[in-house]
Amino acid sequence: MTHVKESNSELVTQHYLGKTSENRTMYYLQISQPSNKTKKIIWMDCGIHAREWISPAFCQWFILQNYKSDPKIIRFLQNLDLYILPVLNVDGYIYSWEKERLWRKNRSSHMNGTCYGTDLNRNFNSSWGSIGVSYNCSSDIFCGSGPESEPETRAVAQFIERKKEDILCYLTIHSYGQYVLTPYGSTTKPPSNNEELVGDENFGPLEIIAKFTGANENAVPILNLQMQVAGKAATALMGKYGTSYQVGATSLILYSNSGSSRDWTYMIGIPFSYTFELRDKGTHGFVLPPDQIQPTCEETMLAVTAIIDYVDQKYFPSGGVILTSGSLGLSLCLSVVFTWTVF
Amino acid sequence: MEALLQHSTTAAAGRAAALAVAYLNHRRGGPSRGLVLHAVTTATAQDIDNVGRKYHLKLVLEDILEKDNIVNCTAEILYHLGKENAAPDVHFTIEGEFKNTDEQDNIFYNRIKSLKKELVAQNIPDSHGNVPPEMEPIRLLARVAAGYVIWQNSTENTRYELAQIKDVRQVKRSDDYLEFDYMVLLHEFVSQEIIPWQMTVLWHPQHGIKVTQNSRQPKHAEY
């Protein structure tokens, strides 16, 4: 990180975010084109789960892009600052390199040092502890002793909370499975008999009613729009090497969970919140072979830039009018409860 | 040609599809053939009173070693109601053919048979995803055997993948079979758990595979 900062010092600055359970320092990088303009923020974090090594690899790849010569990047850097956290779960990541390759959680100590680790992606304050978790420390989905019980969670949550008015997009990178996931992890109605379980291009496999816990009314139309943008990202990704991703709400196409970072950021009002699950679909799983690292990073880059591009064009249309997420919601004029019907 | 976005399957259909692939690997896989899910074309589920839930799937499969070898498959999976310990019923039909692997199977068989010392290996793949080429058939054989274990232990709420071979030891035999004692790690998606599993595997190029023993192992003390 220091090397990147030094070779791009006008654009890239390193900042302190917080400390981990084992007292390591968490840094994020800010990629920002110096200017007089007020910028909005895109946040991306990698490595919340230790064993998902392709994730920090992608953040690193992203950071090493050439900001000075890529015209797309130059355009959106006029309006947007990128905040990148290359490894959120530093302790766990180091542990997976040194001790146990398939470790997932952080390294906080529980039960008098007889049990270690909280699943950081079950530890956020989004319906914390309600579904898709374990209250047992020995589980890989242990949600911690309470919402934001972990220093890593607090470091991220406090920062994002402070900056939430300016953050338009939250991206969190995981593996594996090949998904672009939208909120929520925990609110769906199960399909009825004989319903098609495979969606069409409009992503309508099930009738769902999205429940909201205190988020603003504009969240509903934005959820639908979210899906479309996720679709654009998946299509862009597929264009590179033909890798196909599924797109949909976590609870619909993956499993139920609560306390995820992505659900939390959406609930506090960040409209474009996505979880990426990178390659592959299970053949290699967490242990992706080296020859797939570069292609994965290249294709994922296209997906992420598609989203950032969309956000840039939406909030900063050429003509210079800045839209806030509030005015965007009003301009969409959709009803509060929406259903996607089965075809 | 415009890239078409793949249809998204529901979580339950995704789990049923993964089970179908595991079962297919068990039935049709080998040290020179591993099957991978390329796409789910259609999936429906049907509740059958007092029996369970039946999934009808149309899948597209791909051969790991022959990327262009695409095969269509229809699978029916019945998860039994109230009998979580019973393996789901799986039936399938395949359209098209897999590439014949007799030659590679025999090469592998003869290579192992002529080893001076019994084969022993750890961490396949290693932490960085590397598999030495001579270990690839050992890995694919583990996939076949794991397919059996996964089938036997799957429910509607689980989805298993073979994550890594921690240890494999060849066991000397007086008959024609090759025998391997595997300790593998399975990854279960819903709980996100890594589950160590022991498997004793017999294989012969003409007689196919038998998993003669398999047992879930306790998590390592380090966890």
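Predicted model: local features only at pLDDT ≥ 70, side-chain atom pairs only at ≥ 80, totals over all residues.
The side chain of B:D175 meets that of B:R173 in a salt bridge, at 2.8 Å from N to O. B:R173 counts as partly exposed too, because its relative accessibility of 29% falls between the 20% and 50% cut-offs. Side chains of opposite charge can pair in this way when their charged atoms come close.

Now look at B:R169 and B:D167, whose side chains also form a salt bridge, here at 2.6 Å from N to O. B:R169 is partly exposed at 41% relative accessible area, whereas B:D167, at 16%, counts as buried.

The side chains of A:K72 and A:D309 meet in a salt bridge at 3.1 Å, N to O. This pair links distant parts of the chain: A:K72 sits in helix 3 (residues 71-77) of chain A and A:D309 in helix 9 (residues 293-315) of chain A, 237 residues apart. A:K72 is partly exposed, with a relative accessible area of 47%, while A:D309 is buried at 12%. Over all chains, the structure holds 22 salt bridges, and some that share partners join A:E52, A:R104, A:D119 and A:R122 into one network.

Stepping back, you can see chain A as a whole. Ten helices and ten strands make up its list of elements, and 61% of its 343 residues are buried. Among its contacts between residues at least 6 apart in sequence, 73% join residues at least 24 apart. The accessible surface of chain A is about 12900 Å², with 51% belonging to carbon and sulfur atoms.

Next, follow chain A to where it touches chain B. Here 50 residues of chain A are in contact with 48 residues of chain B, and the area buried between the two chains is about 4100 Å². The count of salt bridges between chain A and chain B is zero, but ten residue pairs are in polar contact across the interface. On the side of chain A that touches chain B, helix 6 of chain A gives the most, with four residues. By class, that side has 27 nonpolar, twelve polar and eleven charged residues.

Finally, return to chain B and find B:N25 in helix 1 (residues 11-28). B:N25 counts as buried because its relative accessibility is 4%, under the 20% cut-off. Leaving aside its neighbours within four places in sequence, B:N25 is in contact with B:G34, B:L35, B:R143 and B:V144.

Notes
Residues numbered from 1 in each chain as written. Chains lettered and ligands numbered in written order. Heavy atoms only, no water. Helix = DSSP H or I, 4+ residues; strand = E, 2+ residues; numbered from the N terminus. Buried < 20%, exposed > 50% of the residue type's maximum accessible area, 1.4 Å probe, protein only. Contact = heavy atoms within 4.5 Å. Areas by Shrake-Rupley, 256 points an atom, 1.4 Å probe, with all protein chains shown as cover. Buried area = accessible area lost by both parts, 1.4 Å probe. Salt bridge = Lys/Arg side-chain N within 4 Å of Asp/Glu carboxyl O. Polar contact = N/O pair within 3.5 Å; in protein donor to acceptor, adjacent residues only side chain to side chain. Nonpolar A, V, L, I, M, F, W, Y, C, P; charged D, E, K, R; others polar.
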